[in-house]
Amino acid sequence: MSDGFDRAPGAGRGRSRGLGRGGGGPEGGGFPNGAGPAERSRHQPPPQSKAPGFLQPPPLRQPRTAPPPGPQCEVPAGPQRPPRPGALPEQTRPLRAPPSSQDNIPQQNLESAMAKPQVVVAPVLMSKLSANAPEFYPSGYSSNYTESYEDGCEDYPTLSEYVQDFLNHLTEQPGSFETEIEQFAETLNGWVTTDDALQELVELIYQQATSILNFSYMGARLCNYLSHHLTISPQSGNFRQLLLQRCRTEYEVKDQAAKGDDVTRKRFHAFVLFLGELYLNLEIKGTNGQVTRADILQVGLRELLNALFSNPMDDNLICAVKLLKLTGSVLEDAWKEKGKTDMEEIIQRIENVVLDANCSREVKQMLLKLVELRSSNWGRVHATSTYREATPENDPNYFMNEPTFYTSDGVPFTAADPDYQEKYQELLEREDFFPDYEENGTDLSGAGDPYLDDIDDEMDPEIEEAYEKFCLESERKRKQ
């Protein structure tokens, strides 16, 4: 009983009210002998480590872009909880760092680490380009082309290797034709001295022009240049004659080639287009110095077109369209000069193929477009007549830039008016009274003109009398 009277008033109350861990009693962690709040503050035991289940979570990491924490911005240790009875105030409660691996880090280093925001620096890519790098050449290009041709053919064991290398060079770089063809012709004149060498040269150029489609135009230009600059002229014929003989060999089998397999027809089409380029580029100089085209090629192209249209397969018709687009205008002009109607026959045959042949729709569209192209004179536009040839009858704008004149009544007229001559003559007669003035009133007389110097500034007596009378009358009316 004495123990019960020794308790402080109110000690142990509220056990059933759930005061929490700070209340009196064994569960609340109270002091022995029922000590009150005052005694508990005096007998506060040293802080001990809490159970693992009640550890506070570590503070959140500062954002990298956040400003460094200062004395007025402290990181809260965790969620706020209601203070337990008898606990120290927040201002006097010692701060405890959360148990982590940073417990052993000095406080100064920790603050300095938190004060500096972490900045991620992207790695810098170093370029490997250099101004001293060697010059770039595409694959398959050799930088010693020019040097080899300028030095001649000493580095080539045979003629075929030298010619084939130059042909491949022109295929890859057609722009070098103008600068290197002269040296090439000079080298061939020193090397091609026999019939066999000339025949080999013709065969190499022909094979290159018919095997590589893009070389047909350059091959025709090369043949034209060599036909005029190769000095050798053996008994078997010169360069141009041997070239035409080689083309005739392929021409004689045109009907079989147009009916052959895909490979044969493809080779035949390449020959047809090369022959068209030869017809446009191969020049033949006459005895009078005039330049003409080879008539034998014109006849050959006409027969090749017949062979293509006689076998109206898609690839044959496409080849015929390409050939007519290439040479149609020149062929038609040549046939018209001779009074022939071959082009009319070809166009009629194309229309029959479109109606009757069993070809694809795309090929028929190509044929119709070709007919339309021919109807527009192959896309050629003739120059309009010059101004000197224009007349009022054939040019509606003939008087567009003519000046405008005015009669004495102020009526305008131009050279297009029917009575222009009469009105203009009247205008000239009126100008006789004012010889020193243009039509627009500009004074043509300069300073010191004798005509104007003779004019007296004094008024005529009658005019002067009338002027004085006018002034007196005006003054009288003003005073009234």
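Predicted model: local features only at pLDDT ≥ 70, side-chain atom pairs only at ≥ 80, totals over all residues.
Student: Which residues gather in a patch of negative charge on the surface?

Tutor: Asp and Glu count as negative. Glutamate 464 belongs to the patch. The residues that gather there are Asp460, Glu462, Glu464, Glu465 and Glu468.

Student: How many residues apart in sequence are the parts that glutamate 178 and arginine 221 tie together?

Tutor: Glutamate 178 forms a salt bridge with arginine 221, with the closest N and O atoms 2.4 Å apart. Glutamate 178 lies in helix H6 and arginine 221 in helix H8, so the pair ties together parts that are 43 residues apart in sequence.

Student: Arginine 265 and aspartate 262 meet in a salt bridge. Is arginine 265 buried or exposed?

Tutor: The two side chains meet at 2.6 Å, N to O. Aspartate 262 is exposed, at 54% relative accessible area. Buried means under 20%. Arginine 265 has 9%, so this residue is buried.

Student: Which residues join glutamate 344 in one network of salt bridges?

Tutor: The side chains of glutamate 344 and arginine 374 meet in a salt bridge. Arginine 374 lies in helix H15 and glutamate 344 in helix H14, so the pair ties together parts that are 30 residues apart in sequence. Salt bridges that share partners join Glu344 into one network with Glu332, Lys336 and Arg374.

Student: How many salt bridges does a search of the whole structure find?

Tutor: Side chains of opposite charge can pair when their charged atoms come close. The search of the whole structure finds 14.

Terms used: Residues numbered from 1 in each chain as written. Heavy atoms only, no water. Patch = residues over 30% accessible without salt bridge, like charges linked within 9 Å, V, L, I, M, F, W, Y side chains within 5 Å. Areas by Shrake-Rupley, 256 points an atom, 1.4 Å probe, with all protein chains shown as cover. Salt bridge = Lys/Arg side-chain N within 4 Å of Asp/Glu carboxyl O. Charge placed at Lys NZ, Arg CZ, Asp CG, Glu CD. Helix = DSSP H or I, 4+ residues; strand = E, 2+ residues; numbered from the N terminus. Buried < 20%, exposed > 50% of the residue type's maximum accessible area, 1.4 Å probe, protein only.
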